[in-house]
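Please look at the model shown here.

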Amino acid sequence: MGSGRRSAELGTKSIGSLLLQQAVPASIGILVMSLNMIVDTIFVGRWIGPLAISAITVVIPVTFFIGAIGLSIGIGGSSVLSRALGAENDSKALQVFGNQITLTLLSSGLLAVIGLVFQNQLIQFFGADESFQDLALTYYRIVLYGIVMLALCMMGNNVIRAEGKPKFAMYAMMLPAIGNIFMDWLLIKVFDMGMEGAAWATFWSYAICFGFILWFFLFKSELRLTFHALRLKRKLVNEISSLSAVTLARQATISVFTVLINNVLIVTGDALDVATYGIISRMLMFALFPVIGVNQGFLPIAGYNYGAEKFQRVRKSINISIVYSSILALLIFAIIMIFPEPIVSIFISNQSGLDAETLANNQTLLERTPKALRWVFAATPVIAIQLIGSSYFQAIGKAVPALLLSLTKQGFFLIPLILILPEFYGVWGVWIAFPIADVLSTIVTGYFLNKEVRKTLRDK
């Protein structure tokens with residue numbers, strides 16, 4: 001590493017150009033990855049059946065949380081790494097990267113073993129009933145075999161972005177997504193392997209991603225890893241862990257929320273309501289890909305410039321990121337409100353020759369899901385402040401406010417609302433909880449972000 005490194009651009013180029021440079025590849029990568037989830041759900045829904053969507057929906061919290069170990073260590077450690085690069089402390093940056101790898105391997109590996117040992121109990125706990133429990137177990141078992149690779153990929157992707165090389169981070173998301181779509185078609189459609197085919201397709205997508213990430217760090221990275229860097233150092237582990245806890249707590253809360261909503265939907269509704277949420281959850285990631293991309297692009301810019309003490313650039317990056325995200329969120333809102341029926345119909349098979357039960361299930365989903373989709377996305381135009389605000393505190397290394405603000409939507413508002421509202425409104429209480437939580441969390445985050453920026457960046 002040295003003065004000519006690519007990461008130095010984060011402190012010199014215009015914020016608008018940097019944000020586009022960082023956010024566009026991140027958005028494209030997220031788009032392809034979420035398209036992968038969409039296509040996966042389409043294949044499963046059309047060629048296996050609606051209950052297969054329910055099965056995948058209850059498995060996701062387990063695999064999502066273990067994979068999120070890598071994401072958390074990646075984002076938390078990359079905040080430390082970005083500031084080290086900004087301060088030109090290359091040796092610390094290398095040590096951080098090595099410790100990220102070791103922490104990811106140990107933690108995700110341990111959880112994968114526990115997840116396999118207690119697979120039956122976990123599947124039941126996460127909301128599977130007898131109608132789709134066998135399908136869920138088939139998918140869960142195979143996907144968990146490759147979950148350590150996913151954790152390493154999610155960790156490495158954030159390090160690549162922290163180096164200022166967003167295009168490679170984009171490729172790391174695109175290649176496995178494309179591979180998974182192809183394998184879904186081959187194993188489910190061509191070889192008629194059903195749920196097992198869907199699971200192996202996902203497994204091989206993890207392997208493709210891991211192969212690309214490994215190639216990047218061997219041949220393209222500024223961070224030339226040594227065995228010495230892999231040795232855990234208490235001070236670095238504490239620094240990485242304090243910031244990783246922010247993302248991990250957020251992802252854990254999402255997993256807890258998914259468990260809760262699956263169980264609430266089973267109790268107040270039925271398995272098809274779980275399938276409705278399965279479709280909506282895919283749309284939440286897919287539709288919001290450009291907003292999430294801007295947020296991902298914002299993190300290394302804010303972290304690097306804060307580490308370099310270029311505080312005006314930090315403030316400008318906050319303002320521009322919020323404006324870009326808000327415009328994109330408004331466009332997404334309009335599309336969802338106008339076209340919910342055509343969006344939902346993509347996931348439902350209209351082929352002739354289906355049995356009567358499947359046809360009835362498909363019709364029920366077509367009736368329920370568009371209305372629910374509109375409710376869930378009703379407050380989308382205001383979410384930019386909440387996303388950028390919580391990310392700002394993480395980028396500058398303030399773990400406690402970052403943790404609390406990242407938990408405002410799911411932890412402090414959405415989970416209590418999911419527990420309370422269905423008592424009065426049934427299943428519709430679940431769907432109206434989303435926009436209420438969005439509005440409340442945006443108000444709280446906006447207040448604390450404005451207060452912190454005025455205090456920290458005012459005269460610097």
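The largest pocket holds about 320 Å³ of space. A pocket is an open set of points, on a 1 Å grid over the protein atoms alone, where a 1.4 Å probe fits, with protein on both sides within 12 Å along at least five of seven lines; lining residues have an atom within 4 Å of a point. The volume is the space filled by probe spheres set on the points. The lining has 15 residues, and Phe-97, Ile-101, Leu-214, Phe-217 and Leu-225 are the closest to the centre of the pocket. Helices H3 (90-117), H6 (147-162) and H8 (194-219) are the elements that give two or more residues to this lining, and H8 gives the largest share, five residues.

This is a predicted model: local features need pLDDT of at least 70, side-chain atom pairs count only at pLDDT 80 or more, and totals for chains, interfaces and linings use all residues. Residues are numbered from 1 along each chain as its sequence is written, and side-chain values use heavy atoms, without hydrogens and water.

The protein has 20 helices and zero strands; these are DSSP runs (helices H or I, at least four residues; strands E, at least two), numbered from the N terminus. Its radius of gyration, taken over C-alpha atoms, is 22 Å, close to the 23 Å from the globule rule for 460 residues, so the protein is as compact as a globular protein of that length. The rule is 2.2 Å times the number of residues to the power 0.38.

| Property of the protein | Value |
|---|---|
| Span of the C-alpha trace along its principal axes | about 65 × 45 × 35 Å |
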